[in-house]
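Okay, thanks for having me, everyone. Could we get the sequence and the structure up on the screen, please?

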Amino acid sequence: MAPASRHFLVRPIGRGVYAAIATPAGYGLCNATIVDLGGRTVVFDTMLTPAAGADLARAAERLTGRRPDWVVNSHWHGDHIWGNASFPDGHIVSSRGVREQVVRRSRQQFRDDRREFRKVLRGPSPPGPGIPPNDREQALSWFLAVVRLPRSHRIVPPELTFEGEMELTGSRRSVRLITYGGGHSPSDVFAFLPDERIVLAGDLVMVGLHPSVSDGWPDRWTRILGRVQRLRPDRVVPGHGPVGSGRSVAVAREYLGRLERIVRRAAREGATLGEIVREPIPDRYSDWGFSFMFPANLERTYRLTRGSRRAPRQR
Ligand SMILES: [Zn+2]
């Protein structure tokens, strides 16, 4: 029996490998994965809140018979690491770049999000007019979860860092932790289970949802996904959305290419930034969630294409 949590549903995806898929009404927001290495337990990402993180730690203990020994952070964004405080016995592992970002930016992100979400929740029809019907439940629990965290919320950065690649090994299997630099964020770590060909992607891959490029670089991200594809994964646990297949990596890569093409074409036609952010969502992504990300993705792509120092013509 999979342990119950209001924050996530447990989906076994291989022997001793369990995806924890965030529920729209819970305070987890991002997905996590529990891996039984044999004699050692790894948890990949810790979700948005210590409450969700605590449920994840309990689920790991029930599923593997052990408290997590290692906890991996895919990148610095709060929805993947603010549950770290609920793993006091686990060593938190990530790239050196992720640690730097957490130390430098996480407290400020927490303050900014808390202030902004509180304002939205006090305003008319929370979670706000810009959020489409399909995303409202998730957005509302996201905002509520953050404003309900205490101001003193403890942010725990990774304590064990690597560059390039490191391997965690147990008696049954190994997991490779890999960073090819930053694409979605300044430093992105993913995990690869070579025997099962499973990739734990963090936000490098989303399934059925618009990714966010606001803190990243579509071109570098595309190159990273090309290298992930070369590992020929069979299954992918995305940062958000249901468990995907190897094809999900290609779909994520196509989306980024599409963004760049839309922006290049519009800029060639002399469109202003104001016009570019109103470009329609291509049909094939029309049923994807988080559609409110699309204009911001176009804007980021445009600014990177033009060089952010040159102020774009605004209308
Ligand atoms: Zn992210």
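So, find the loop between strand E4, residues 41–44, and helix H1, residues 50–64: that's where Met47 sits. Keep in mind that we're looking at a predicted model here. Now, what is phi of Met47 near? The answer is 75°, a positive value, and this is a residue other than glycine. Is Met47 buried or exposed? Buried counts as 20 or more other C-beta atoms within 10 Å, and Met47 has 33 of them within that distance, so buried it is.

Next, hop over to Arg232. Here too phi is positive, near 50°, and again the residue is something other than glycine. You'll find Arg232 in a loop as well, the one between helix H5 (218–230) and strand E12 (235–238). What about its surroundings? To be called exposed, a residue can have 12 or fewer other C-beta atoms within 10 Å. Arg232 has 10, so this one is exposed.

The peptide bond that joins Pro126 and Pro127 is cis, with omega at about 10°.

Okay, on to the sheet. How many strands form it? There are 6, and the order across the open sheet is E8-E9-E10-E11-E12-E13, with mixed pairing. Which strands stand at the edges? Those are E8, residues 165–169, and E13, residues 244–245. Each has a single partner strand, so one side of each is left without a neighbour in the sheet.

Let's zoom in on the E8 end. E8 and strand E9, residues 174–179, run antiparallel, and 5 bridges join them. If you want a pair to click on, take Leu168: its bridge partner in E9 is Val175.

Last bit, zooming out to the whole chain. The domain assignment gives us domain 1, covering 8–245, and domain 2, covering 258–306. Taken over C-alpha atoms, their centres are 26 Å apart. Who takes part in the contact? Domain 1 puts in 13 residues, and domain 2 puts in 15. On the domain 1 side, the residues touching domain 2 split into 6 nonpolar, 6 polar and 1 charged.

That's my tour, thanks!

Conventions
Residues numbered from 1 in each chain as written. Predicted model: local features only at pLDDT ≥ 70, side-chain atom pairs only at ≥ 80, totals over all residues. Domains from an automatic or database assignment. Contact = placed C-beta atoms within 7 Å. Nonpolar A, V, L, I, M, F, W, Y, C, P; charged D, E, K, R; others polar. Pairing = 2+ DSSP bridges. Helix = DSSP H or I, 4+ residues; strand = E, 2+ residues; numbered from the N terminus.
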